[in-house]
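User: Got a model here I'd like to walk through. Can we take it piece by piece?

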Amino acid sequence: MSSSPNPPHCLTKIQKITDEEFSRFQRLIYDLAGISMCPAKKVMVSSRLQRRLVHYGLNRFGDYYRLVTGNAHPGEMQILVDLLTTNETYFFREPAHFNFLRESILSQPTANPFRVWSAACSSGEEVYSLAMVLADKLNTKTWEIMGSDLSERVLFQAQRGHYRIERNEGISHDHLRKYCLKGVRSQAGTFLIDEKLKEHVKFRQINLMRKLPNIGRFDLIFLRNVMIYFDQETKKEVVHRISTQLKSGGHLFISHTESLHGIAPELKKVSPSILQKL
Ligand SMILES: C[S@@+](CC[C@H](N)C(=O)[O-])C[C@H]1O[C@@H](n2cnc3c(N)ncnc32)[C@H](O)[C@@H]1O
């Protein structure tokens with residue numbers, strides 16, 4: 001089988017994904033990323049993977065499953081992960097969290113350096129929102145933010161920090177003026193995050209389902225809008241792994257739509273979506 005894309009005239013008629021084929025992909029993404037996909041996701045899986053079948057000139061999802069799990073195309077697994085993860089995000093999502101950070105955490109004496117981890121950062125909007133708040137409040141102190149995700153595709157976008165102009169909703173005029181460079185000429189309709197924020201930020205690929213690399217401990221961890229894809233057992237495992245990276249007194253932020261009820265006794269609830277390590 002060739003790894004190069006098929007020319008357009010080789011388009012094959014793709015057979016509908018069967019229940020058996022879907023359940024194999026379901027198991028695979030669960031084992032790889034901890035993501036639980038219910039049967040209603042069958043249409044999504046089929047439409048997101050279809051173009052890979054076209055790419056290889058395959059007409060059955062079962063053949064693509066064999067290709068992805070075989071040895072001939074080692075890079076294909078990452079492409080599958082990139083396609084099956086949901087990466088929706090935006091600047092200053094859930095603004096109450098940024099207000100709490102500004103008014104309750106950064107108004108107190110803080111560690112120097114102040115270390116933050118955005119642990120499923122998608123294309124970087126969460127990281128740069130945090131960076132804007134930290135730059136405002138900690139200008140004379142050292143601070144650093146690590147953004148991580150499982151998907152290589154989004155990390156590449158995050159690293160660039162280059163966004164379409166309509167993504168700037170949620171960023172205040174003051175922050176736009178201070179930290180975002182408006183594109184001109186060939187870059188019109190886009191903006192770029194300023195180097196003075198980027199120099200405090202780094203990104204790396206981390207799978208929250210695996211043993212964590214040596215990343216040190218953090219004053220603040222954002223783990224938002226990723227646990228919705230995990231079952232209870234996976235959630236427990238991931239939260240335990242994450243909370244060991246929090247300094248004592250450090251804060252964990254989860255989404256308002258998520259709950260850690262009965263999961264993490266080592267974390268004290270400050271509000272429904274903000275927890276503090278004892
Ligand atoms: C919906 S986005 C959330 C982005 C951001 N935290 C926010 O709240 O806007 C979820 C992200 O979790 C990532 N993800 C899913 N499973 C993961 C895993 N096992 N390890 C690390 N990241 C994962 C996805 O790639 C995706 O970018």
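User: Which residues in α2 meet α3?
Analyst: First, the ground rules. This is a predicted model: local features need pLDDT of at least 70, side-chain atom pairs count only at pLDDT 80 or more, and totals for chains, interfaces and linings use all residues. Residues are numbered from 1 along each chain as its sequence is written. Now the contact: L49, R52, L53 and Y56 in α2 meet F61, Y64 and L67 in α3. Contact means C-beta atoms, placed from the backbone, within 7 Å. Helices (H or I, at least four residues) and strands (E, at least two) are DSSP runs, numbered from the N terminus.

User: What classes of residue make up that contact of α2 with α3?
Analyst: Six nonpolar, no polar and one charged. Ala, Val, Leu, Ile, Met, Phe, Trp, Tyr, Cys and Pro count as nonpolar, Asp, Glu, Lys and Arg as charged, and the others, Gly among them, as polar.

User: At roughly what angle do the axes of α2 and α3 cross?
Analyst: Roughly 80°, with the axes of α2 (residues 42–56) and α3 (residues 61–69) coming within 10 Å. That makes α2 roughly perpendicular to α3; the label covers 65 to 115 degrees. Axes are lines fitted to C-alpha atoms, for helices over the stretch in contact, and angles run from 0 to 180 degrees between N-to-C directions.

User: New topic. How is the protein divided into domains?
Analyst: Into domain 1 (8–84) and domain 2 (95–277). The bounds come from an automatic or database domain assignment. Their C-alpha centres lie 31 Å apart. Seven residues from domain 1 and 11 residues from domain 2 form the contact.

User: Which helix gives the most on the domain 1 side?
Analyst: Helix α4 (residues 76–84), with three residues.

User: And where does the ligand lie?
Analyst: Between the domains, because both domain 1 and domain 2 give residues to its shell.

User: Which residues come nearest to the ligand?
Analyst: T85, T89, A120, S122 and N225, of the 24 residues around it. A residue is near if its C-beta atom, placed from the backbone, lies within 6 Å. The shell has 10 nonpolar, nine polar and five charged residues.

User: Last one. What's the strand order in the open sheet of three strands?
Analyst: β3-β5-β4, with antiparallel pairing. Pairing needs at least two DSSP bridges between two strands. β3 (162–164) and β4 (180–182) stand at the edges with a single partner strand each, so one side of each is left without a neighbour in the sheet.

User: How many bridges between β3 and β5?
Analyst: Three, with β5 at residues 190–193. Y163 stands opposite F191 in β5.

Methods: Angles under 35 degrees count as roughly parallel, over 145 as roughly antiparallel, 65 to 115 as roughly perpendicular and the rest as oblique. Two residues are in contact if their C-beta atoms, placed from the backbone, lie within 7 Å.
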